[in-house]
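Visitor: I have a model open on my screen and would like to walk through it with you. Could you take my questions one at a time?

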Amino acid sequence: PAFATARLMETWAHGLDVFAALGLEPVDTDRLAHVAWIGVRALPYAYSFAGVEPPPGPLRVELVLPSGAVWTFGPEDAPDRIEGPAGQLCRVFVQRLRASDAPDLIATGDGARLALQSARAFL
């Protein structure tokens, strides 16, 4: 299952590359919830890859999927939060968009800002 999950994210990321090469815009779907889950679960790897210590507290992620449904991860009362569109966060996790170029992602707290700066799900 972990191998298949990682392949899902890589397939989606490389699909973005194909769309870009063809000059086409991909259509996001609510399946981005799976990509978001992988990205958030990969944060320990991202911190180690960046050579930084993980934040001490929990992180809350609240994303709006293309349908308007909300996808969440982490405790509701976490002081560090990332909120915004799922497509932007997922693109940040697969290194197709820099966090600084994702204007609708809101990071509240130092831990959330570090998560966005470090975000990556694979090499």
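This is a predicted model: local features need pLDDT of at least 70, side-chain atom pairs count only at pLDDT 80 or more; totals for chains, interfaces and linings use all residues.

Visitor: In what order do the elements of the protein run from the N terminus on?

Guide: Helices (H or I, at least four residues) and strands (E, at least two) are DSSP runs, numbered from the N terminus. The protein has five helices and four strands. Starting at the N terminus, their order is α-α-α-β-β-β-α-β-α.

Visitor: What share of the 123 residues is buried?

Guide: Buried means under 20% relative accessible area, exposed over 50%, and partly exposed in between (1.4 Å probe, protein chains only). By that cut-off, the buried share of the 123 residues is 39%.

Visitor: Why can one say that the buried residues of α3 line one face of the helix?

Guide: In helix α3 (residues 43–50), the buried residues are L43, A46 and Y47. The test uses the directions from the helix axis to the C-beta atoms. On the other side of α3, P44 and S48 are exposed. The buried residues line one face because, seen down the axis, they fall within an arc of 100°.

Visitor: Which elements do those buried residues of α3 pack against?

Guide: Packing here rests on contact, meaning heavy atoms within 4.5 Å. The partners of the buried residues of α3 are α2, β1 (59–64), α4 and α5.

Visitor: Is A33 buried or exposed, and which residues does it touch?

Guide: A33 lies in helix α2 and is buried, with a relative accessible area of 14%. Its C-alpha atom is 7.3 Å from that of A86, 53 residues apart along the chain. Leaving out residues up to four places away in sequence, A33 touches L65 and W71.

Visitor: Which residue meets D28 in a salt bridge?

Guide: A salt bridge is a side-chain nitrogen of Lys or Arg within 4 Å of a carboxyl oxygen of Asp or Glu. The N to O distance for this pair is 3.0 Å. It links distant parts of the chain, since D28 sits in the loop between α1 and α2 and its partner is in helix α4 (residues 86–93), 63 residues apart.

Visitor: What else does R91 touch?

Guide: Not counting residues up to four places away in sequence, R91 touches D28 and also W12, L16, P26, R96 and L97.

Visitor: How far apart are D110 and R113 in helix α5, in helical turns?

Guide: Their side chains meet in a salt bridge at 2.8 Å, N to O. D110 is exposed at 61%, whereas R113 is partly exposed at 38%. Because they are three residues apart in helix α5 (residues 110–118), the separation is about one helical turn.

Visitor: How many salt bridges are there by this rule?

Guide: One of them joins R60 and E62 at 3.0 Å, N to O. R60 is buried, with a relative accessible area of 9%, and E62 is partly exposed, at 22%. By this rule the count is six.

Terms used:
Residues are numbered from 1 along each chain as its sequence is written. Side-chain values use heavy atoms; hydrogens and water are left out.
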